[in-house]
Amino acid sequence: MKKEKLRSRKKEEGNEGFNRRDFLKGAGVAVSGGILAGETQAVAQAAEETSGVQGPGETPVTLRVNGETKHLNIEPRVTLLDALRDRLDTTGAKRVCDRATCGACTMLVDDRPVYGCTVLAIEAQGHEVTTIEHFSQGGKLHPMMQAFVDHDAQQCGFCTPGFVMACIAFLKTHHNPTLEDVEKGLGGNLCRCGTYEGIRHAVLQAAKTMTAEKEGGLANG
Amino acid sequence: MAETNCKYEWPAAGDRHLIGTRISRIDGPAKASGRAKYTLDVNLPGMLFGKCLRSPYAHVKITAVDTSAAEKMPGVKAVRVIQGPGKEIQWAGDEIVEVAAASEEAAEDAVRAVKVEYQQLPFLVNEADFDKDKSAGRTKPAAELKVGDADKAFADPEVVSYEGEYGIPVMVHCCLEPHGHVVEWVGPQSIRTFSSTQGVSAVPGQFAEALSIPANNVETICRYIGGGFGSKFQMDRWGLSTAQLAKDAKKPVKYLLDRDAELEVAGCRPSGFVKVKVGAKKDGTLVAWQSDCWGTGGPSPSGVLPIPYVLDIPNRTRRHTFILTNIGPARAWRAPNHPQAAALTMTAVDDLAAKLNMDPLQMLMKNADLASENRGKVYKEELQKAAELSEWSKYWHPRGDKASGHIKRGLGVSMHTWGGRGHNSNCQITIQPDGSVTAELGSQDLGTGTRTVIAIVAAETLGLPVEAVTVKIGDSHYPYDGPSGGSTTVGGVSASTRRASVDALQQVLAAVAPGLGVPADQLVAVGGKIQAKGDASKSISWKQACRKLGVKSVQTHGKNPGQCSLGSSGVGGVGVADVSVDTETGQVKINRMVAVQDCGLIIDLKTAESQCYGALIMGVSYGLFEEKLMDNATGRMLNPNMEFYKIAGIGDVGELKVHMMTGPGYDERGVIGLGEPPVISPGAAISNAVANAIGVRVPNLPFTPDKVLAALAKGGMA
């Protein structure tokens, strides 16, 4: 199936982002480019820079993943998510809906959250891709991960990496969120076991911890 | 419990340091960091990817299959016809051909190159219209239940009766990790499977039988599973074909279902529709019930819905008819048949209460003694607690919110029951002379906290912190354990782990008794030490104690069932929903959901509460959003994806309140399962809350705006 281009950029910078239901209400299945145009600009620009006909066969692709450079030979239709999971054994991001609904594959491209299932790997060239693996390097949990553990914000755990990434991205633009902010800002991720109660608490806790750490860091620095 | 002074008994309340407290799940860090490896994450050297051609039609006979083009495509290593010419397909999405190729893309291309010819046959995919289905010859009646004399009871002039129709449609499991396996042949007659399964110890036998290889030559591994909810007990047809492809290609093959197939074929919960008449005396005492129920679970009969639910009304007649359809096969869904039964019973009782001008919570209170196993007292306590937590006396009102404006608020209540006796379990405890402790069980953790429960029980018994116990599960090479279904796991693994741990401790105590000059039976393990009962001066650290074992490790085996009753069966629970309904848009918004639940002795209060929170959320999800929508024209599922098969999001669930019944009267029952019961009541409670808010019954779940507006337009009992 042909993957639509970059319809997955999901959080608007500086506001609450959009809620999944509003999103569907406004856009239907065929997501209109207009809603997301602002967000996708940066990557679209990059795609233009590498324009020219590629494929249908395998083509060399260079990705920057968690600070490392990776060289692949893949068909242009391969998504960023599948390139990471199938070719680079980077499996923290999960493939669930495979069409930008559930958020299980949330990762950062140039520090902004995207659904990896709807970004082509070739489009991610020239950008910094950050996956959940980056945030527990050396075995130390990111404060958001610790908050998920403390508040039991996970059961089967399959949606968890995507949720943790969405939460990390959310707190980059919401330093002191309210419960309402959390519910709106994380509407783009879905859980089946029903862990939202823990997630609501976890995000609020992590916001406090991270602010405290930041302030502590400044005081010490 | 029946046996006294049994050495395996659970510690008394005052001696529990871990059991019953809130402990974070021990695999939390692995999951939160994305390092937990699920079946979908397994990548083996040289591994191929499977893809499946599935029937686009609901009911056909296959007349021809041509895989020749697919076989020649680049990257394709093996092709298997799963169902060939002559086979009758009973649902859209059924497996026809599976291919294995070097990449997912190559496998997809190959599937597209397969040519199949079909002979069309008539199909039925919607069952709500009972009379039409009957005429189509698609029905199969189940045995009728008749207790007392309902007709006579209804005829009593003192009896007030209410007749209503209610329904709950087919929904699907929508596990976030799809069904499937990675299979590799490790010898000519031996395989290793990585399986997304609720039955690690059960899957090897299924593969062995299908492949005609010894069961001991099959190892099944499932360290983490991304959801099951009752749908993942079988190897499934695609498991066998994946193993066969791996053999043909001489390489490991990974095949897990794509999302559309996952929703079309890998799990559906049977529907239930009912025409019911229920009668009570004017004081609310229920005396008579008569119901004609029908529903579908696909091509074969599914379970009879146990109605009237919980309340054994003295005069009752129940007829149930299975409708055989082409919607895909049913699978067990979290508390099989109970959510439907609650949604078809508690609603009718609620409507009768409204007719009697009674508070429905008081009506349930009045009739609680109709519950089996003398659970009336428990229900009354739980109803009382639920009333407090939901602020029932403040927010409940007679039918129809009389406040001005188009937002109407209402409360609804339901109650439920479940068994949950511990299943067969085997635990091996190993204590090494360096003090390290390992528990091994061929069990699995569905996200309920099984690993954590095992660690807590072993640590409590050995007087150690939870971190001191290494829990190894998720591999069929560990001792046999039952599948995780029916809320049987916690009772099983906690009992076998307790028995193994007590026996292991005895050996450690025997080794240190001479040195301490205290008889072994006067020693206890507590706080990381072995010490004399009541005399902390005579003590030795756990590490030093284990050194006394010399070079021998201690290895013990605990079983369930076994000596001493460590668990029992049968729980109650109450759910309350508090909703606001917009009578202009038909939108139902959850203000608050309440769960009050008993489950005997709780091992980990934190993960127990999580089960209840999750159940409330899943209840909101099927109460407001979920339905497998089938198209009468094409016979296909209209919403096999996650934008139109909606599940609740974080902003949809409202405030959640959970209360676990613990302490005297509950703890001494031992451990009872919890995973399923709290998900039973929310659908019925939401239905009743909507009726309370808007003054009319919306007969069928889920309460989407179209259904709410239709009910408002139709009007009815105010």
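Select B:Val526 to start: across from it, in strand β24 of chain B, stands B:Lys529. Strands here are DSSP E runs of at least two residues, helices are H or I runs of at least four, and both are numbered from the N terminus. This is a predicted model, so take the ground rules along: local features need pLDDT of at least 70, side-chain atom pairs count only at pLDDT 80 or more, and totals for chains, interfaces and linings use all residues. Residues are numbered from 1 along each chain as its sequence is written, while chains are lettered from A and ligands numbered from 1 in the order in which they are written.

**The sheet around B:Val526**

Now widen to β23(B) and β24(B) (529-532), which pair in the antiparallel sense over four bridges; two strands count as paired if DSSP finds at least two bridges between them.

**Two helix pairs in chain B**

Go to α10 (360-367) and α11 (376-389) of chain B, whose axes come within 9 Å and cross at roughly 165°. That makes α10(B) roughly antiparallel to α11(B). (Under 35 degrees is roughly parallel, over 145 roughly antiparallel, 65 to 115 roughly perpendicular, and the rest oblique.) Show side chains: B:Leu361, B:Leu364 and B:Met365 in α10(B) meet B:Lys380, B:Leu383 and B:Ala387 in α11(B). Contact means C-beta atoms, placed from the backbone, within 7 Å. By class, this contact has five nonpolar residues, no polar and one charged. The classes: Ala, Val, Leu, Ile, Met, Phe, Trp, Tyr, Cys and Pro are nonpolar, Asp, Glu, Lys and Arg charged, and the others, Gly among them, polar.

For the second pair, pick α16 (605-624) and α17 (681-694) of chain B, which pack at about 55° with axes 8 Å apart. α16(B) and α17(B) are therefore oblique to each other. Here B:Leu616, B:Gly619, B:Val620, B:Tyr622 and B:Gly623 in α16(B) meet B:Pro682, B:Gly683 and B:Ile686 in α17(B). The classes come out at five nonpolar, three polar and no charged residues.

**Across to chain A**

The contact takes 46 residues from chain B and 53 residues from chain A. α16(B) gives the most to the side of chain B that touches chain A, with nine residues. That side has 21 nonpolar, 14 polar and 11 charged residues.

Last stop: a five-stranded open sheet in chain A, mixed in its pairing and ordered β2-β1-β5-β3-β4. Its edge strands are β2 (68-74) and β4 (112-115) of chain A. Select β3(A) (106-109) with β4(A): the two pair in the antiparallel sense over four bridges, and A:Leu108 stands opposite A:Pro113 in β4(A). Finish with helix α5 (160-173) of chain A, which lies across β3 and β4 of chain A at about 40° to β3(A).

How values were computed. Axes fitted to C-alpha atoms, helices over the stretch in contact; angles between N-to-C directions. Contact = placed C-beta atoms within 7 Å.
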